Structure formats: structure tokens, C-alpha cells
Amino acid sequence: MRILTIACSLAALMAASPLSAQTLNVASAGDQNMVDYVKDFLGPMFEKANPGVKVVSVGTGAGDSGSQKILEKLDAQKGAATTDFDVVVIHQKAAGQMVKDGLLDRYTANVATAKLATGDAAKNALGTDVSGYVIPMFQSQTALAYNADMVKTPPSTFAELAEWAKKNPKQFGYNGIKGGMSGVSFVAGWVYAFGGDAEKLMKGPYDAATKTTWDKAFADLKEFNKNAVITPGNAGTLDMLNRGEIAIGPVWVDMFYSWQADGKLPPNMKLKLVSPGMPGQPMYYAVPAKAGQKKLAEAFIALATSPQVQADGIVKKFNWYPGIDAANLEGKLDKAAWDKLFVDVTPADLAKNGKAFPIAPYFNDILEGYEKKVSN
């Protein structure tokens, strides 16, 4: 009888514990490394801190299409009591649509680390107000990579770059708008620099007549391209920089550091985030409105967005910029890791010149304008 009493007491205790014998399902859009990050790094850490909890990590595919699959899944399960996912890791475009469609929980007030992410990306996803629904996992940023042996004084602005390219023909290369997003980011940055009101392009409201004011910016970019090399893609730009075939080109910062760590770029390559800025984009942690494990999901995201985990996981393992404000990581990284990520592009540079992509309709107008007036 005593044994039965003890067994019943233990069962009751386990049932009463909010974090016991439960499964947390995390779905990530993105490449396999996103899935592995949860499976091999975050998941075991969370399970150790919460005995009895099992974290299951699944991937839905790279790019916006991976986020679209998550959106479609949540939409299909709108009428169900719970969804299959408790935490979703998604891109900006899908995040905005999910908020509009009522598919996400407004959870960030329950997560203390949300206060550590104060940048615009935590509130604005390509023109949609996502305040309260997302916390950035990381910020992926583009910048100009340059060969410091070939370029002693790198341009600090788009205007200086245009002059530099004129004096150094075929030494600047980028991948246009069809070979990867680093080229798209460069073109968006060019329009921000020479097309007028960049803040309006990033935040709206949309005015279809605005694109008619970009004619000179596109004409100048067409002229600029005569002195530029069009590379075959994001990796193609890095390849040409590595071989010394070009001296400056726009790249994703995380790709740049990964290539450099793998010995595929020489150590004399540096980064510059020119003014008035270039776009990057975050990935978001979000909780579905019908998540079955909301408390667990919030605890998981709190851990994932804590300064130490952002330092050890996001910065050291992946070379991404942190999702929370970089200043919160000071003291959490050793000097070598901090210097590697922030010497060329400082937290102040990121705050000033790390921009968002334009809201969707302006984004489409820029791509259409480039096709018609620059690349034809």
C-alpha cells in the first residue's frame, strides 16, 4: 500500500510539473544547418535544463519557400485544437503574412529577453508590424568585402564607391538581381542612396508613383555597371575576390567569415558597411497561435535569445550577427570572436547602416525597374 502511495505521488508530481515528460516541436525554415543548430546545440541544452522534455527539430526547406510551407501547415490546422509545431523559425515575408492571418501568438511580453532586441527588425517585417509576435534569432547582413592589399582606402559611401569604380574599371563585381540576394541587397542599397526617401521604402506607405522618381538612380546604375563585373552568384563574388579578379564586391557577412575560416578567402580581405546602408534580414522565433506547448515554447525562446547562447551559438558557431542587440554580448565573447565579427563592421555601424529590405511592393518595383532600365 505504501509503495502504491509513493508511486501515485510521483505520478501526480510529474503530471503537475509544467516541464516534465513533454515534447517541444521546433520547425525551422532554412538550410540543414538551421535544423542541426536546434537538434545538436539548442535542443540538448534545453533538455538538460528541463529534465523530461524532448526537443524535436524538423526542417521545412531553404529560403522563403521553407517559411511558406510552415505558413500553409499552420493555416491548414487553424481549426484544430493544436498545431504540429510549438516553435517556428521563419523569414520576414512569411512572418508578416502569418501575423495578418492570425496564425501566430503574441507572446514576447512573456519572454524577458525580448527587451534585448530593440532594432527595427523586431517590429517591422517588410512593412508589416510584427511587434509582440517575433524575436529575431539572428541578423544576416550584407556588406562590401574588399581586398585590403588592392584597396588601401575603401569607399565609405555609395557615392564614393561610384567614383572609385569609375577610376578602377572592372574591379568591382556583384551578381545583379538574379544570382543571389547579395546583389539584390546592393541594388536596394543603391536606390536607398540615390532614389530619395529610403525610410519610406522600408516602412511605407506604398505609393505607386514613387518608382517614377528613380529614373536617374537607375540611369546612373546602368552607367556604373559599365565599369563593374556581373558575377555568377553570391559564391561567385567571393570566388572572384579570392582569385583577385575583383577588389570589391557585396557579400553576406556570415558567408564571408565561413569562407575565410575555411581558408577559401585570404586573411587580407576586409568588410565595409557603406553609408547610407545595405539591407540584411533576420530569421524570427515565433509561437503558433495554436501551439500545444506555449509555456515550453516561451522558455525555449528565452534560452535561445539569451546573451550567452546568442554569443556561443549564433556568433561563434554560425558567424551570424546576433538577433538581440549586439551590445548585450559584450563580455560574453572572447576577444578573438568579438574582434572577428565586430572590428570591420562595429555594433555602431550595424545600428546606423544595417537596413531592412524595402516593403514588398517597393521591393517588386525596384526589381522591375532594374530589369527595364539597368540590365536591358
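Where is the place of lysine 170? Lysine 170 sits in the loop between α5 (158–167) and β7 (172–174), with helices (H or I, at least four residues) and strands (E, at least two) taken as DSSP runs numbered from the N terminus. Its phi is near 65°, a positive value in a residue other than glycine. At 40% relative accessibility, lysine 170 counts as partly exposed; buried means under 20% relative accessible area, exposed over 50%, and partly exposed in between (1.4 Å probe, protein chains only).

A quick note on the ground rules. This is a predicted model, where local features need pLDDT of at least 70, side-chain atom pairs count only at pLDDT 80 or more, and totals for chains, interfaces and linings use all residues. Residues are numbered from 1 along each chain as its sequence is written, and side-chain values use heavy atoms, leaving out hydrogens and water.

Leucine 126 also has a positive phi, near 50°. Leucine 126 is in the loop between β4 (124–125) and β5 (128–129), and at 18% relative accessibility it counts as buried.

| Bond | Omega |
|---|---|
| glycine 204 to proline 205 | about 5° |
| serine 275 to proline 276 | near 5° |

Proline 205 is in the loop between α7 (198–203) and α8 (215–225), while proline 276 lies between β10 (269–272) and β11 (278–286), again in a loop.

Zooming out, the protein has 15 helices and 13 strands. Buried residues make up 51% of its 376 residues, and the C-alpha trace spans about 90 × 45 × 30 Å along its principal axes.
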